[in-house]
Amino acid sequence: MNKPVKVLILRFSSIGDIVLTTPVIRCLKQQANVEIHYFTKSKFEFLLTDNPYVDKIWLLDKDINPILKQLKAEHFDYIIDLHANIRTLRIKLALGVKAFSFDKLNVLKWLRTTFKVDYLPDIHIVDRYMDTLGAFNVMNDGQGLDYFIPYKDNVETSWLPVTHQQAFVAYAIGGQHNTKKLPVPRMIELCRKINFPTVLLGGKEDFEAGEEIRKAVGDELILNACGKYNFNQSASLIQKSLIVFSHDTGLMHVAAAFKKKVYSIWGNTIPGFGMYPYKTAFEVLENNNLKCRPCSKIGYKACPQKHFKCMNELSFNFPIKELPGNN
């Protein structure tokens, strides 16, 4: 048997972006004779530990120099750069092997956010990631995203309150930036619109917002799980949910990996950047009646225009057909 080709994949952050690279990992491993190494930040190791298609994980803390020496000793055949920044450029120059990088489309995104000129291609970021595999004759298998939950992080529905044991909606209320999240009064309004047992998911920083929602809507409908579970456990609850509501955040992509119907909520960013739910049913909830949107490719702590109309005036006038009684 021929010796496997040794490939180093680079993607340092963040949760959603790393989940979006999983089709590259799977398709490359299944369709080519390769040994896959993946280099990411230490805090994101948990996203790859249980991925059966990854042979070795390399972790970055602060200083990259010691790791560069170790990487050189591995004698990689190729690098697949799915981050494309100064740090990955340094790695590629240091290792001196053939590299394939994806185009971040930063200029086109700048034109879209600054001048509202849209030259962005209608291509999902996963498909742009997959373009880096052309030289390997690897094709997209169309199976979507992967997410692997270790047994220890499986959350049984019997552990939930009786009100949520039979069926529930998952709502990922978090977001890396405030302009990606509905204000709490609007989250309350949405939960009342859902009108079905709902588990709120997020980090410890989202707990207080979750409590406001729970107190306003009531314990019979709202379980505030923000900060009570680690990310894999939150993913387990996503997996067991009927449908998922999510801001533009990592759990939205986890929901897509589990082929959940996603109601995807967008504020200052837009699906046109190519990071909408991949290979799953979804509905986009966004306010298209604003000249100021999108105002950033990432997000802000607060609305630059002070009015936050992209979220404050977002319509909830839509049917939720997947829930019992709404058919």
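Which residues does Asp17 touch, not counting residues up to four places away in sequence? I began with this side of the predicted model and found that Asp17 touches Arg11, Tyr129 and Met275. I placed Asp17 in helix α1, which spans residues 15–19. I then looked up its accessibility: Asp17 counts as buried because its relative accessibility is 15%, and the cut-off for buried is under 20%.

**Entry on the sheet**

I traced an open sheet of 6 strands and noted the order β8-β7-β6-β9-β10-β11, with parallel pairing. I recorded β8 (222–224) and β11 (282–285) as the edge strands, each of which pairs on one side only. On average, neighbouring strands of this sheet are turned by 20 degrees against each other, direction ignored.

Strand β6, residues 169–172, pairs with strand β7, residues 198–201, in the parallel sense over 4 bridges. In this pairing I found Ala170 opposite Val199 in β7.

**Entry on helices against the sheet**

I looked up two helices that lie across these strands. Helix α8 (residues 207–217) lies across β7 and β8, and runs at about 160 degrees to β8. Helix α9 (residues 231–240) lies across β6, β7 and β9 (244–247), and its direction is at about 150 degrees to β7.

**Entry on α7 and α8**

I turned to the packing of helix α7 (residues 184–194) on α8, where the angle is about 45 degrees and the axes are 9 Å apart. That angle makes α7 oblique to α8. I noted that α7 passes α8 in a right-handed crossing. From α7, the contact is made by Val184, Met187, Ile188, Cys191 and Arg192. From α8, I listed Ala209, Glu212, Ile213, Ala216 and Val217.

**Entry on the nonpolar cores**

How many residues does the largest nonpolar core have? I recorded 55 residues, and those with the most contacts inside this core are Ile9, Leu28, Leu47, Tyr147 and Ile238. Helix α10 (residues 250–257) gives the most to this core, with 6 residues. I also noted a second, separate core of 33 residues, which includes Val169, Cys191, Leu200 and Leu221. I had already met Cys191 among the α7 residues that make the contact with α8.

Definitions and conventions:
Residues numbered from 1 in each chain as written. Predicted model: local features only at pLDDT ≥ 70, side-chain atom pairs only at ≥ 80, totals over all residues. Heavy atoms only, no water. Pairing = 2+ DSSP bridges. Axes fitted to C-alpha atoms, helices over the stretch in contact; angles between N-to-C directions. Contact = heavy atoms within 4.5 Å. Core = buried A, V, L, I, M, F, W, Y, C linked by side-chain atoms within 4.5 Å. Buried < 20%, exposed > 50% of the residue type's maximum accessible area, 1.4 Å probe, protein only. Parallel < 35°, antiparallel > 145°, perpendicular 65-115°, else oblique. Left-handed = near helix turned anticlockwise from the far one by under 90°.
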